[in-house]
Amino acid sequence: MIERIAKLSAAVMAVCAATAAGAQTAQTVTVGRGPFAVVVNETTHKAYIAAGEGVSVVDGNAHVLATIKTATGFAGIAINPATTRIYTAHPNDSTSTIID
């Protein structure tokens, strides 16, 4: 079993390396201080970037539509594809933010 996992891991790494080798920067977007994580809503074609004290909402043309203030200290960001809600976790003050 361990050998099969190692082979699969090596195959995944080879695909990632080949993809990264051909990657180019399309555009750069300025968001809050210290971007932490990104989730993409495939239904609305918007990206949500956790940074600093908020979540920046970016459209498919790399325009920042809004920055939603949240607590500081992100531990994660996730999207529920069924509801398109965004969830953030903030361990510094034991809170979570839910964005519609």
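Contact here means heavy atoms within 4.5 Å of each other. The model is predicted, with local features requiring pLDDT of at least 70 and side-chain atom pairs counted only at pLDDT 80 or more, while totals for chains, interfaces and linings use all residues. Residues are numbered from 1 along each chain as its sequence is written, and side-chain values use heavy atoms, with hydrogens and water left out.

With its neighbours within four places in sequence set aside, isoleucine 86 is in contact with Val39, Tyr48, Ile77, Ala78, Ile79, Thr97, Ile98 and Ile99. Isoleucine 86 also belongs to the largest nonpolar core, whose nine residues are Val39, Tyr48, Ala50, Val55, Val57, Phe74, Ile77, Ile86 and Ile99; such a core is a set of buried Ala, Val, Leu, Ile, Met, Phe, Trp, Tyr and Cys residues joined through side-chain atoms within 4.5 Å, where buried means under 20% relative accessible area with a 1.4 Å probe and protein chains only. At least two residues of this core come from each of β2 (46–51) and β3 (54–58), strands being DSSP runs of E, at least two residues long, numbered from the N terminus.

The four strands form an open sheet in the order β1-β2-β3-β4, with antiparallel pairing, two strands being paired if DSSP finds at least two bridges between them. Because β1 and β4 (64–69) stand at the edges with a single partner strand each, one side of each is left without a neighbour in the sheet. Between β3 and β4 the antiparallel pairing runs over five bridges, and serine 56 stands opposite threonine 67 in β4.

Valine 38 lies in strand β1 (residues 37–41), and its C-alpha atom is separated by 4.5 Å from that of isoleucine 49, 11 residues apart along the chain.

Technical notes:
Buried < 20%, exposed > 50% of the residue type's maximum accessible area, 1.4 Å probe, protein only.
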